[in-house]
Amino acid sequence: MAHLVAVVALPNLHAFELAVACEVFGLERPELGVEWYDFALCTPDGGTVHAHGGFSLSSPHGFDVVAERADTVIVPGMPEPHDQPHPGLVAALRTAWDRGARLVSFCSGVFALAAAGVLDGRSATTHWMFATKLDRMYPQVKVRPDVLYVDEGQVLTSAGTAAGIDLSLHVVRRDHGAAVANGVARRMVVPPHRDGGQAQFVSPAVPDVDDVDHLGPTLDWMVEHLAEPLSVELMAAHALLSSRTFARRFKDATGTTPHEWLTARRLQHAQHLLETTDLPVDRVAAEAGLGSGANLRLHFDRALGTSPSAYRRTFRLSA
């Protein structure tokens with residue numbers, strides 16, 4: 001049987017986060033060549049719920065599917081995060097957790113997971129507007145307001161709204177490998193990975209367009225030359241900027257530093273090579289611009305909590 005993804009639909013829901021789950025997991029994708037997910041929309045009583053925006057959703061599936069059958073459960077944003085979550089949902093989430101189901105929240109959906117107790121002692125995130133409220137209501141949760149999503153293994157949480165896309169693609173990458181996740185991202189016309197955390201969206205809300213446009217060719221050039229030694233001075237020269245101005249504009253436009261951005265791109269390329277080739281680890285490290293196999297192992301351990309060899313075994317099998 002295919003992996004069953006159950007998405008929760010509560011009364012007065014906001015449609016965007018729900019639609020993200022439907023788009024990523026509920027749409028058949030035969031062109032990717034892998035067994036895709038089964039999908040179920042679950043309402044409290046297996047009936048109709050009204051959504052913000054003046055429309056309704058109907059489904060034959062209730063929270064019993066969440067509790068008893070789902071392999072992955074996704075809770076989109078809660079209609080009123082300051083209220084206690086639906087008690088039937090909390091009970092269903094706890095039952096699903098106890099039998100080993102994977103639980104995922106988008107935005108304020110984290111409040112339902114917290115109420116179910118599955119985040120106790122674990123890190124989690126939510127929309128930056130709700131981070132203080134989550135910390136106050138559930139002090140046993142290690143709230144991380146600075147990131148787009150948190151992966152704690154069996155439970156995963158994302159920041160607000162569009163961060164649900166980031167987390168969904170991360171889940172697809174975990175299940176099927178980077179090539180499949182990148183294929184989904186291309187079809188959705190979104191980046192397969194966004195850098196930086198929520199801080200880049202708080203104030204100002206979006207980076208200056210001139211900076212993004214000006215740095216775009218340099219970002220492309222950096223990706224094309226990953227295997228080469230790229231200093232900030234060299235990157236700045238390509239962008240026709242001083243090193244200090246380049247570093248400042250780069251942080252404003254991407255939410256991270258040139259070094260961190262470049263390391264993330266190199267790590268992604270190494271992941272791709274491990275998934276799609278039989279190159280030795282030392283060669284993968286060199287091709288990705290990460291130097292030696294030892295350095296590649298260090299980056300994998302820090303960023304992914306695994307080794308290149310273990311990653312290759314996992315994702316070559318899933319791919």
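Hi everyone, this is a short walk through the packing of one protein chain, and the model is a predicted one.

Let me start with the overall picture. The chain has 15 helices and 10 strands, and its C-alpha trace spans about 60 × 45 × 35 Å along the principal axes. For 319 residues, a compact globule would have a radius of gyration near 20 Å, and the chain's 21 Å agrees with that. Buried residues account for 49% of the chain. If you take contacts between residues at least 6 apart in sequence, 63% of them join residues at least 24 apart.

Now, the inside. In soluble globular proteins, nonpolar side chains tend to be buried together. Here the largest nonpolar core holds 39 residues, and the members touching the most others are V66, V73, V75, L93, L103 and L119. Several elements each supply at least two core residues, including β1, β2, α2 and β5. The largest share, six residues, comes from α3.

Let's zoom in on V75. Beyond its neighbours within four places in sequence, V75 contacts V8, L89, L93, V104, S105, F106, G109, A112 and L113. Another core, of 30 residues, lies apart from the largest one, and among its members are A51, V172, V180 and V184.

Last stop, helix α1, residues 15–25. Which of its residues are buried? They are E17, L18, V20, A21, V24 and F25. Viewed down the axis of α1, these buried residues fall within an arc of 150°, so they line one face of the helix. They pack against β1, β2, β4, β5, α6 and α7. Thanks, everyone!

Terms used
Residues are numbered from 1 along each chain as its sequence is written. This is a predicted model: local features need pLDDT of at least 70, side-chain atom pairs count only at pLDDT 80 or more; totals for chains, interfaces and linings use all residues. Side-chain values use heavy atoms; hydrogens and water are left out. A nonpolar core is a set of buried Ala, Val, Leu, Ile, Met, Phe, Trp, Tyr and Cys residues joined through side-chain atoms within 4.5 Å. Buried means under 20% relative accessible area, exposed over 50%, partly exposed in between (1.4 Å probe, protein chains only). Helices (H or I, at least four residues) and strands (E, at least two) are DSSP runs, numbered from the N terminus. Contact means heavy atoms within 4.5 Å. The arc is that of the directions from the helix axis to the C-beta atoms. The radius of gyration is taken over C-alpha atoms; the globule rule is 2.2 Å times the number of residues to the power 0.38.
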